[in-house]
Amino acid sequence: KPGEQKHPKEPSSLQCMHLAVVACGDRLEETLIMLKSAVLFSSSRLCFHIFAEDSLKPEFEKKLKEWPSSYTKKFESNIYPITFSVGNAQEWKKLFKPCAAQRLFLPVILKDVDSLLYVDTDVLFLRPIDDIWHLLREFNSTQLAAMAPEHEIPKIGWYSRFARHPYYGSTGINSGVMLMNLTRIRSTQFKNSLIPGGLTWEEMLYPLYQKYKNYITWGDQDLLNIIFYFNPECLYVFPCQWNYRPDHCMYGSNCRGAEDEGVSILHGNRGVYHDDKQPTFRALYEVIRDFPFEDNLFQSLYYPLQSKFLDTVHTLCGRIPQVFLKQIEKTMKKVYENRVIVYLGANHRY
């Protein structure tokens with residue numbers, strides 16, 4: 001009825017692609033650039049779940065409201081405090097990086113969310129989230145999460161050379177981009193090294209951490225590796241172009257999928273958006289950061305990117321610019337075509 005209060009969360013949360021991120025310390029800008037890349041290219045509605053320290057909450061709210069309405073209408077956002085439902089909160093906070101362990105608790109906290117894409121703050125989407133979201137349909141009846149391998153080649157992989165705990169497959173998995181069917185996670189009994197029977201996700205987390213805490217280097221990622229080592233049938237492994245990191249090009253090119261299809265999701269770990277070690281990664285970050293929302297994507301994003309890449313050709317990652325540009329070019333063409341069709345459909349003339 002006209003004038004009646006609407007409650008968008010019920011229907012829209014069913015149609016949403018849910019995206020979660022955990023931001024603490026100095027990760028505000030990085031998180032906002034990640035969310036910007038998600039909104040720029042995605043065609044379906046997005047629901048952001050931002051887990052942040054209390055001091056960051058007002059900043060997130062302020063900055064997201066400053067985006068133009070043509071973009072803010074494409075998403076809704078919820079900001080949550082950092083909480084750990086089991087075990088010692090201080091211990092969890094100190095595990096690897098501040099608050100990173102929060103991602104382990106998403107199935108427990110977001111009880112009404114069926115499926116979710118979790119990403120680290122240093123991730124950039126170079127194509128619509130819709131495309132990775134569709135991988136949920138590829139899961140077989142036992143799979144409940146999807147991640148990319150930590151490395152393609154065991155002889156240069158970290159886990160295969162240094163790990164002192166069980167890990168998934170021959171090179172381990174990287175948890176910076178993680179697609180999850182939370183409903184399945186909540187209802188599964190997981191095999192483990194603690195008791196002969198199965199344990200639920202929530203029951204397993206703290207005892208597993210207690211058992212392995214002296215052997216883990218990469219915090220919550222190591223715990224996920226341990227969990228999927230004991231439950232390999234639960235994991236869907238997607239290829240490296242969905243979690244493309246400096247490791248894939250700084251030792252020579254070792255992500256075949258990205259060479260064939262282009263990078264789909266860029267993961268600038270090792271702080272590469274903020275130093276000079278990998279200028280190609282930094283160029284992408286800065287161009288998306290500086291892109292004025294209402295501008296033309298080709299003019300104000302693609303062309304500046306091409307010219308910035310010319311300055312990076314002397315580096316190992318910079319000598320393969322097409323790998324970084326292929327998906328972003330394809331995505332922009334699609335966005336442009338959609339807008340032109342809509343424009344012409346409204347009986348306008350150029």
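The structure holds 17 salt bridges, a salt bridge being a side-chain nitrogen of Lys or Arg within 4 Å of a carboxyl oxygen of Asp or Glu. The model is predicted: local features need pLDDT of at least 70, side-chain atom pairs count only at pLDDT 80 or more, and totals for chains, interfaces and linings use all residues. Residues are numbered from 1 along each chain as its sequence is written, and side-chain values use heavy atoms, with hydrogens and water left out.

Arg-103 and Asp-220 form one of the salt bridges, with their closest N and O atoms 2.4 Å apart. This pair links distant parts of the chain, 117 residues apart. Arg-103 sits in the loop between α5 (89-94) and α6 (106-109), whereas Asp-220 belongs to helix α11 (residues 220-230). Helices (H or I, at least four residues) and strands (E, at least two) are DSSP runs, numbered from the N terminus. Both partners are buried. Buried means under 20% relative accessible area, exposed over 50%, and partly exposed in between (1.4 Å probe, protein chains only).

Lys-333 and Glu-329 also meet through their side chains in a salt bridge (3.5 Å, N to O). They lie 4 residues apart in helix α16 (residues 321-345), and are therefore separated by about one helical turn. Lys-333 is partly exposed, at 40% relative accessibility. Elsewhere, salt bridges that share partners join Asp-276, Arg-282, Glu-286 and Lys-308 into one network. A further salt bridge joins the side chains of Lys-62 and Glu-66 (3.6 Å, N to O). Lys-62 is partly exposed, with a relative accessibility of 43%.

Helix α11, which holds Asp-220, is largely enclosed by the rest of the structure, because 9 of its 11 residues are buried. Among them are Leu-223, Leu-224, Ile-226, Ile-227 and Phe-228. The buried list also includes Gln-221, Asp-222 and Asn-225. The cover over the buried residues of α11 includes α5, β6 (145-149), α8 (158-162), β7 (173-181), α10 (201-212) and β8 (235-237).

Asn-181 lies in strand β7. At 13% relative accessibility, Asn-181 is buried. Neighbours within four places in sequence aside, Asn-181 is in contact (heavy atoms within 4.5 Å) with Asp-114, Ser-115, Leu-136, Phe-139 and Leu-144.

Strand β2 (residues 46-52) is likewise enclosed. Of its 7 residues, 7 are buried, so β2 is largely enclosed by the rest of the structure. Leu-46, Phe-48, Ile-50 and Ala-52 point one way from β2, and Cys-47, His-49 and Phe-51 point the other way. Strand β1 (residues 17-23) pairs with β2 in the parallel sense over 7 bridges; pairing requires at least two DSSP bridges between two strands. In this pairing, His-18 stands opposite Cys-47. The chain runs from β1 through helix α2 (residues 28-41) to β2, in a right-handed β-α-β crossover. Right-handed here means that, with the strands pointing away from the viewer, the path from the first strand over the helix to the second runs clockwise. Strand β3 (residues 75-80) and β2 are also paired in the parallel sense, over 6 bridges. There, Ile-50 stands opposite Ile-79.

The protein is divided into domain 1 (17-238) and domain 2 (241-345), with bounds from an automatic or database domain assignment. Their centres, taken over C-alpha atoms, are separated by 23 Å. The contact between them takes 33 residues from domain 1 and 34 residues from domain 2.

The largest nonpolar core has 75 residues, of which Tyr-244 and Phe-324 touch the most other members. A nonpolar core is a set of buried Ala, Val, Leu, Ile, Met, Phe, Trp, Tyr and Cys residues joined through side-chain atoms within 4.5 Å. Helix α2 gives the largest share of this core, 9 residues. Both domain 1 and domain 2 contribute, so the core lies between them. Not counting residues up to four places away in sequence, Phe-324 touches residues including Leu-126, Tyr-244, Val-263, Phe-281 and Phe-309. Another core, of 44 residues, lies apart from this one and includes Phe-51, Trp-201, Ile-216 and Ile-227.

Glu-294 is found in the loop between α14 (279-290) and α15 (297-310). With a relative accessible area of 57%, Glu-294 is exposed. Its C-alpha atom is separated by 9.8 Å from that of Trp-67, 227 residues apart along the chain. Neighbours within four places in sequence aside, Glu-294 is in contact with Pro-68, Ser-70 and Tyr-71.
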